[in-house]
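The structure comes up next.

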Amino acid sequence: MVRFVRAGGHGHLILRRKARACAISTRVRPPTDEKGHALMNDDARHAARADDHVLASTGDRPAFDVSVAHQARIYNYWLGGKDNYAADRKAADAAIAAYPGVVTGARANRQFLARAVGHLTADAGIRQFLDLGTGIPAANNTHEVAQAVAPESRVVYVDYDPVVLAHARALLAGRHEGLIDYLDADLRETDTILEQASRTLDFSRPVAIMLIAILHAIPDEDDPHGIVAKLIDSVPSGSYLVLSHVASDIDPEQISEATARLNQLSHQRFTLRDHDQVLRFFDGLELLEPGVTRVEEWRAPELATRDLSAMWGGVGRKRVVA
Ligand SMILES: C[S@@+](CC[C@H](N)C(=O)[O-])C[C@H]1O[C@@H](n2cnc3c(N)ncnc32)[C@H](O)[C@@H]1O
């Protein structure tokens, strides 16, 4: 079962109109170039126009706009996906030229997600996931990994990008008795997200809060550490935090040049953080072994590549009070 909820106070009209924009994007696939990448066409323009009315950008919340690169679509390109436009590919390629490791990092990050969810479901008995910053669906989406082990698992996905919303209906349909919900919301609307997620998740039972490759899109002035602390406060002991973040202190010159290029060419602005700053997100939690490591080193049976990523990742557990 899949539900769509618009977090925030805009009401049903917006939901229906957004659903129309979604249908344009998912049922009528845009034409593609010779490599199969999406091209701007009348349907996309129409969707963009429809979205102008319903999803005008607030703050740095992206509107549907294929002329400017979006984080979700850049990441999709690095993962080898086809749901990206010329502006996304230009920004993604500019970052690759500065630091080829961004591609390895994106793929290693995705594998980290799968290993962490697999561990929490199979070994820690977690059955509820709040996945913030879902991204365009790819291999090993959270519900697929969790429900393969425990079909009754419940997942609430949250993202603020209209492109992700457009794909969510078609691609996030669970096959099992578990529930999947999708919230169209900005991570900074933390209270609203928690309230809406409680329709699907039972916050009196452990929940895995997943913040995978999203927090670098939250600048310091929006208090990312405060957002994480509030999320952790809302879940009971025995809950988990799964987090990854682009590193400022791995290959620092190259990664900062790649980030500068992305910041120039894309809608969002990214803030890199070092190991200590990432570690601080886990304050008050028990860090699972091996701690905060490069994502490809976190409980990987063996390193699949010599090209290491510039991403820190870890998993922490909220202490069980005796
Ligand atoms: C790099 S993708 C990561 C996707 C997925 N978590 C993964 O690791 O494979 C980051 C996602 O976070 C979303 N995002 C960034 N800032 C956000 C915010 N403030 N609120 C909600 N979603 C956000 C983007 O739209 C994008 O889809």
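Which residues in H5 meet which residues in H6? Leu 113, Ala 114, Val 117, Gly 118, Thr 121 and Ala 122 of H5 meet Thr 142, Val 145, Ala 146 and Val 149 of H6. Contact here requires C-beta atoms, placed from the backbone, within 7 Å. By class, this contact has seven nonpolar, three polar and no charged residues. Nonpolar covers Ala, Val, Leu, Ile, Met, Phe, Trp, Tyr, Cys and Pro; Asp, Glu, Lys and Arg are charged; the others, Gly among them, are polar.

The model is predicted: local features need pLDDT of at least 70, side-chain atom pairs count only at pLDDT 80 or more, and totals for chains, interfaces and linings use all residues. Residues are numbered from 1 along each chain as its sequence is written.

Now the geometry of that pair. The axes of H5 and H6 (residues 142-149) come within 9 Å and cross at roughly 30°. Axes are lines fitted to C-alpha atoms, for helices over the stretch in contact, and angles run from 0 to 180 degrees between N-to-C directions. H5 and H6 are therefore roughly parallel (under 35 degrees). Their crossing is right-handed, meaning that the near helix is turned clockwise from the far one by less than a right angle.

A second pair runs the other way. H4 (residues 86-98) and H10 (residues 252-265) have axes that come within 8 Å and cross at roughly 165°. That makes the two roughly antiparallel (over 145 degrees). This crossing is right-handed too. H4 contributes Lys 90, Ala 91, Ala 94, Ala 95 and Ala 98. H10 answers with Gln 254, Glu 257, Ala 258, Arg 261, Leu 262 and Leu 265. The contact has seven nonpolar, one polar and three charged residues.

Pro 252 also sits in H10. Pro 252 counts as partly exposed because it has 13 C-beta neighbours inside 10 Å; 20 or more would be buried, 12 or fewer exposed, with C-beta atoms placed from the backbone. Its C-alpha lies 8.6 Å from that of Ala 310, 58 residues away in sequence.

Turn to the ligand. It is surrounded by 22 residues, and the closest are Ala 72, Gly 133, Gly 135, Asp 161 and Ala 217. H3 (71-78), H5 (101-122) and strand S3 (154-159) each give two or more residues to the shell. The shell divides into twelve nonpolar, five polar and five charged.

Finally, the whole protein. It has eleven helices and nine strands, taken as DSSP runs (H or I, at least four residues; E, at least two) numbered from the N terminus. Buried residues make up 48% of the 322.

Methods
A residue is near a molecule or strand if its C-beta atom, placed from the backbone, lies within 6 Å of it. Angles under 35 degrees count as roughly parallel, over 145 as roughly antiparallel, 65 to 115 as roughly perpendicular and the rest as oblique. Two residues are in contact if their C-beta atoms, placed from the backbone, lie within 7 Å.
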